[in-house]
Each structure stands twice: as C-alpha cells, then as structure tokens.
Amino acid sequence: MKIRRVACIGAGYVGGPTMAVFADKCPDVDFCVVDIDPEKIAQWNTDDLPVFEPGLLEVVKRVRGRNLSFSTDIDEAIDSAEMILLAVNTPTKEYGVGRGMAADLKFVERCARQIGRAARTNKIVVEKSTLPVRTAEAIRTILDSCSNGVRFQVLSNPEFLAEGTAIRDLLEPDRVLIGGDESPEGAAAIEALAGLYERWVAPDRIIRTRVWSSELSKLTANAFLAQRVSSINAMSALCEATGADVDEIAKSVGMDSRVGPKFLKASVGFGGSCFQKDILNLIYLCRHYGLEEVARYWEQVIRLNDYQKRRFSKKVVQTLFNTVSDKKIAVFGWAFKKDTNDSRESAAIYIADDLLRDQAALQVYDPRVSPKRIVHDLVSVKRWDDWDRPALPEDEIRSRLTIHDDPYAAVKDAHAVLVLTEWDEFTGYDWKRIHDTMQKPAFLFDGRNILGRKAMEDIGFCVYQVGKGTPDDAASLEPWGR
Ligand code: NAD
Ligand code: UGA
C-alpha cells in the first residue's frame with residue numbers, strides 16, 4: 001500500500017517532533033499535524049515553537065511548507081490521508097471510575113469518533129499515544145460503528161522518545177515497535193508503516209508484534225525505567241545515612257553488563273508527563289485483573305519517588321534550622337529535566353509546594369519554562385495519593401513567589417539555593433558571585449549532583465547533595481545536619 005499523505009492528530013511533544021523527523025526522512029510523503037488548540041498550531045507555524053527540543057527548529061524549518069504542515073482543519077486532514085496517527089494526550093483520569101489511576105481516554109475516543117465520521121476512504125489508524133492494553137480493540141469498535149462502510153486497520157506504534165533528546169531518539173531509535181492484527185490486511189498495514197520507518201531505521205530494529213503486546217510493551221518500558229530511578233534513589237537515602245556515595249555505587253553497579261550504566265542517576269525524583277501516569281495506569285490494569293501483588297509492586301516505585309521529593313524538601317527545612325518561614329529560597333530549574341520547556345510532574349513543583357506551605361519565599365529561575373507555566377503548575381498541583389487535597393490559593397502563591405529571568409537576581413539575599421534541574425548552564429555560573437549575594441550561612445542543595453562539592457565548600461557554601469553521605473553525617477544526625 002503506497003502512503004502519500006499522513007495526518008497526525010495532536011501537535012504536542014510527540015506529534016510535532018515525530019512528524020518533523022518523518023517529513024525530513026520521507027520527502028515524497030505529505031505530513032499534516034492537526035490540533036484542537038489553535039494557539040498551538042499558530043505557534044508551530046512560527047519560529048517560536050511550542051516545544052523546545054535541541055535541533056527541532058532546524059528540522060521544522062527544513063520541512064515546513066515543503067511536506068509538513070500544521071493546521072486546525074482536522075476533518076480535512078483525516079479525509080485526505082491514508083494513514084492517521086493519534087498522538088493526543090492520555091492523562092490520569094481526574095473524575096469518576098478509575099479517578100487518580102486509570103488513563104483518561106476521552107481524547108482518544110473523540111479522535112476515533114471524528115475519524116469515523118470524516119473518513120470517506122479506507123484508513124490505517126496508528127496509536128502513537130501511550131494507551132492501556134486492548135485500547136486498539138475499543139478504537140476499532142468505535143471506528144466500525146461510526147463509519148459509512150469505510151474499512152480501518154488499527155496499529156499500535158508506541159513512541160519511545162525522551163524529551164530533551166527527542167530528535168536524536170527519533171533519528172536513531174533503539175527500536176521501532178509496530179503491533180497489528182494477523183490478517184492479511186493487518187500485515188499490509190504493518191508493512192505500510194514499516195515502509196516509512198525503513199527510510200532511515202535499520203530493518204532489524206523494526207519489531208512487529210501483535211497489537212496487545214505492543215501496547216503493553218510501552219507501559220512495561222516506562223515502568224522499568226522509572227523503577228531504575230526509584231532503585232537508585234532508594235539507595236541514595238541509605239548512602240546519606242551510612243556515609244556512602246551514591247554516584248560511586250551507581251558506577252560500580254552499572255559496570256555489570258547485565259545492569260548497564262544508564263538511568264542510574266540519583267536525583268530529586270523523576271518527573272515528566274509519563275512515568276507516574278503510565279505506572280498508575282499499569283497498577284489500575286493489574287487491579288482490574290485481580291493482580292494485587294503485582295499492582296503493589298509497581299505502586300512502590302511511585303511511593304519511593306514521592307518519598308524522595310518529600311525527603312528533599314524536609315532536608316531543606318531541617319537544615320535551615322527547622323524553619324523556612326519568610327526565608328528567601330532560590331530555585332534553579334523548574335523543568336522536569338534539562339533541555340526541555342516541559343515541567344509536567346516536575347519534582348520542582350512538589351518541592352516548591354512543600355516549601356510554600358512552610359511559608360518560604362521562593363525566587364525561581366529556569367532558562368526555558370515560562371512564568372505563566374510555573375504559576376499554573378503550583379495552582380493546579382495534585383498528589384496522586386491525596387487527590388482531594390486543595391492546592392494553595394493563587395493569591396497566596398503569588399505573594400510568596402517571584403520568577404526571575406536572571407539567575408543572579410534570583411539568588412539575591414537568599415538563604416539557600418536549590419538546584420532542581422540539571423541544566424548545563426548551572427555548572428558554568430560564577431558561584432563565588434552567587435555566594436557573595438546570599439545571606440550567610442549560604443546553603444546549597446544540589447538535587448542533581450552536578451556541582452563539584454569541594455569547589456562549592458571552598459567558596460563557603462554549606463552543601464547538601466543527594467546520596468552523598470559523609471562520615472560526619474553518619475556519625476551525627478542532628479536535626480539540622482551540621
Ligand atoms: P501533549 O499534551 O504535549 O500533546 C497532546 C496534544 O493533543 C495537545 O496539543 C492537545 O491539544 C491535542 N488534542 C487532544 N485532544 C485532541 C483532539 N480531540 N483533536 C485534536 N487534538 C487533540 O502530549 P504529549 O506529551 O505529546 O503526549 C502524547 C501521547 O504520547 C501521550 O499518550 C503520552 O503518554 C505519549 N508519549 C509522550 C512522550 C513525551 O515525551 N511527552 C513520549 C512518548 C509517548
Ligand atoms: C521517558 C522515557 O525515557 C521515554 O522512553 C518515554 O518515551 C517517555 O518517558 C514517555 O513515554 O513519555 P522522559 O520522561 O521524556 O522520557 O525523560 P527521561 O529521560 O526518561 O526522564 C524522566 C525523569 O527521570 C526526569 O525527571 C529525569 O530527571 C529523571 N531521571 C532519569 C533521573 O532522575 N535519573 C536518571 O538516571 C534518569
């Protein structure tokens with residue numbers, strides 16, 4: 001089957017970058033990315049893209065107006081394409097049955113109904129969004145019951161890109177996974193999608209599976225990755241109590257080829273829009289199938305992550321003589337990791353919320369996250385295990401929060417500086433100048449272990465790093481550390 005035109009519904013962190021790379025690699029195919037959000041589409045048509053990713057703007061500039069377009073005309077994009085990718089959001093459900101656990105599939109369902117209505121020729125519909133196992137079946141049922149005799153093939157092609165490295169991940173994927181049904185039509189649909197990837201991905205990296213295995217592989221991959229972070233973060237707490245160094249442990253454990261060195265960086269806790277929501281979804285599925293022990297196993301990965309974030313904010317309060325009330329605390333980094341403007345579920349939100357509830361005055365700097373987004377994050381903060389807990393009132397948040405576009409302004413008169421994202425620029429700052437402008441003693445809480453401890457102590461900072469116990473810490477566990 002020759003694919004000449006592809007539509008992608010959802011112009012977010014997956015839809016935009018993915019289609020830009022497809023368009024670059026398949027110059028003879030037209031790609032159209034559509035969204036219900038007209039502002040987002042307008043932004044994709046400028047050079048101020050809604051998604052910040054290293055290398056993305058260059059690719060978009062090369063293909064936009066050639067074989068990549070961004071539009072709000074969803075019906076037209078559906079009708080004119082042979083293949084339609086669904087890259088809409090699948091957040092945790094905030095209401096009704098499965099509230100706080102299940103994936104909210106309303107956006108996916110709306111798309112399926114719209115495809116059913118708008119399609120006048122046969123289509124291949126591809127799940128790019130991360131979905132619970134067996135969603136393809138539901139999509140097929142909806143499509144078949146909405147359509148007027150048009151035939152659909154439904155594939156699962158989960159996306160494995162990580163933000164901040166999305167372009168590299170798309171250009172050099174570890175694997176591409178395509179799940180489809182075993183009928184001749186299903187096999188033809190799989191080959192049509194594989195044919196696009198084969199323009200730049202080695203054939204042995206393109207895996208074909210049954211559709212349910214593909215859906216469940218994606219949830220499994222994210223659960224395993226999050227589990228590694230929680231495992232090393234668990235050890236970071238023990239390192240602090242015993243005087244060991246978590247980075248030394250990660251290095252020696254990671255050199256075992258069966259474990260591998262990646263994804264063993266202790267931190268303030270994992271964030272991002274997917275790890276928590278995908279594991280919650282996995283837990284919900286396990287409970288649905290009566291697998292309580294399996295559900296509890298995965299639940300602990302999230303509980304440990306909550307513990308790591310709470311442990312960090314508690315450490316700040318305890319170290320600052322058990323009170324941060326009206327103390328200025330500088331926060332460096334709001335994004336959930338470096339090289340993205342995305343702050344969904346960022347550890348910074350939860351740590352800031354904890355400190356605001358302890359009456360701190362926060363002075364935040366992030367090179368990419370907008371002030372509007374930072375306020376939105378705090379006003380809408382939700383904890384998965386305490387869904388009904390209200391966020392702080394917006395006027396209280398605003399009265400205790402200042403957002404700076406200059407890091408040196410953010411640290412002025414601060415009692416402490418918290419490094420919550422591993423932005424490269426933080427390591428190049430004039431830390432002596434920062435120390436000079438702060439109140440004394442000047443505390444530095446390096447939640448990403450990116451700053452040289454000795455150099456910072458030589459400047460005069462009192463330094464805390466995650467999982468870096470000292471013999472002194474182990475010997476004396478006073479409430480405020482030193
Ligand atoms: P996003 O929120 O950035 O983008 C989703 C877009 O879909 C939004 O712009 C929204 O307006 C649009 N949308 C929702 N309903 C629509 C509808 N009915 N019609 C048209 N547009 C609609 O989300 P994202 O981060 O791109 O994630 C999308 C999916 O991909 C999720 O299932 C996520 O789990 C998965 N995923 C995300 C990443 C990532 O790094 N962000 C990586 C792999 C997989
Ligand atoms: C993650 C997966 O890595 C992708 O494969 C997947 O496609 C994606 O989720 C998704 O489904 O959305 P992403 O969340 O963008 O990608 O970024 P990661 O690099 O996985 O980082 C997630 C969080 O874990 C970040 O907060 C990061 O700082 C933290 N992390 C990661 C650590 O604390 N330590 C590590 O060693 C690695």
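## The surroundings of ligand 2

In this predicted model, ligand 2 is surrounded by 20 residues, and the closest of them are Leu-161, Ser-267, Cys-274, Lys-337 and Arg-448; a residue is taken to be near a molecule if one of its heavy atoms lies within 4 Å of it. By class, this shell holds eleven nonpolar, three polar and six charged residues, where Ala, Val, Leu, Ile, Met, Phe, Trp, Tyr, Cys and Pro count as nonpolar, Asp, Glu, Lys and Arg as charged, and the others, Gly among them, as polar. The largest share of the shell around ligand 2, four residues, is supplied by helix α9 (residues 211-242); helices (H or I, at least four residues) and strands (E, at least two) are DSSP runs, numbered from the N terminus.

Ligand 2 lies between domain 1 (5-201) and domain 2 (220-473), because both give residues to its shell; the domain bounds come from an automatic or database domain assignment.

Two lysine side chains approach oxygen atoms of ligand 1, with a polar side-chain atom of Lys-277 at 2.6 Å and an N or O atom in the side chain of Lys-40 at 2.8 Å. A backbone N or O atom of Ile-36, in turn, lies 3.4 Å from a nitrogen atom of ligand 1. The protein covers 93% of the 830 Å² of accessible area that ligand 1 has on its own.

## Cysteines

A disulfide is a covalent bond between the sulfur atoms of two cysteines. When a disulfide is counted as a pair of cysteine sulfur atoms within 2.5 Å, the count comes to zero. Cys-146 is in no disulfide, and the nearest cysteine sulfur, that of Cys-111, is 12 Å away; for Cys-286, also in no disulfide, the nearest is that of Cys-274, 18 Å away. Cys-286 has 8% relative accessibility and therefore counts as buried, a term that means under 20% relative accessible area, with exposed meaning over 50% and partly exposed in between (1.4 Å probe, protein chains only).

## Backbone features in loops

A cis peptide bond, with omega about -5 degrees, joins Lys-440 and Pro-441, and Pro-441 has its place in the loop between α17 (431-437) and β13 (443-446). Asn-449 is located in the loop between β13 and α18 (453-459); its phi is near 50 degrees, a positive value in a residue other than glycine, and at 10% relative accessibility Asn-449 counts as buried.

Arg-134, although not a glycine, has a positive phi of about 85 degrees. Its place is in the loop between β5 (123-127) and α6 (135-146), and at 33% relative accessibility Arg-134 counts as partly exposed.

## Conventions

Residues are numbered from 1 along each chain as its sequence is written, while chains are lettered from A and ligands numbered from 1 in the order in which they are written. In this predicted model, local features need pLDDT of at least 70, side-chain atom pairs count only at pLDDT 80 or more, and totals for chains, interfaces and linings use all residues, whereas side-chain values use heavy atoms, with hydrogens and water left out.

Technical notes: Polar contact = N/O pair within 3.5 Å; in protein donor to acceptor, adjacent residues only side chain to side chain. Areas by Shrake-Rupley, 256 points an atom, 1.4 Å probe, with all protein chains shown as cover.
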